[in-house]
Amino acid sequence: MLRYQYTNNNEFGRRLREARRAAGMTLQTVAEKLNTDFGTNINKGTISKYENGVHEPSASTIYCLGQVLGVSGEFLLGKTNLPFFIH
């Protein structure tokens, strides 16, 4: 099975899981929020595949995930260690 990884240790998936848990959300609630707020058609299995490095989300999905979880896309991608938006 082909595995997509942004870094050698699937930094994106690890950070996505970390942000989801910090937000107190389940895979299902993330999927529902994405579908409600952004009109996507994502299920909890897809979110799990992102976390486990099986599938790679599009840039727009990364942005939407960040919005739902309250973190930046740059954090999810491992480009910064500042996880949350600073207003």
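The structure is a predicted model. For the protein, the mean pLDDT is 88, and 86% of the residues reach a value of 70 or more. Among the elements of the protein, helix H2 has the highest mean pLDDT, at 98, whereas the lowest, 93, belongs to helix H5, which spans residues 73–76.

Helix H2, formed by residues 27–38, packs with helix H4, formed by residues 59–69. Because angles from 65 to 115 degrees count as roughly perpendicular, H2 is described as roughly perpendicular to H4. On the side of H2, the contact is made by Val30, Lys33, Leu34 and Phe38; H4 contributes Cys64, Leu65, Gln67, Val68 and Leu69. By class, the residues of this contact comprise seven nonpolar, one polar and one charged.

With regard to aromatic rings, the count of aromatic pairs under the rule applied is zero.

How values were computed: Residues numbered from 1 in each chain as written. Predicted model: local features only at pLDDT ≥ 70, side-chain atom pairs only at ≥ 80, totals over all residues. Heavy atoms only, no water. Phe/Tyr/Trp six-rings, centres within 6.5 Å; stacked < 30°, edge-to-face > 60°. Axes fitted to C-alpha atoms, helices over the stretch in contact; angles between N-to-C directions. Helix = DSSP H or I, 4+ residues; strand = E, 2+ residues; numbered from the N terminus. Parallel < 35°, antiparallel > 145°, perpendicular 65-115°, else oblique. Contact = heavy atoms within 4.5 Å. Nonpolar A, V, L, I, M, F, W, Y, C, P; charged D, E, K, R; others polar. pLDDT = per-residue confidence, 0-100.
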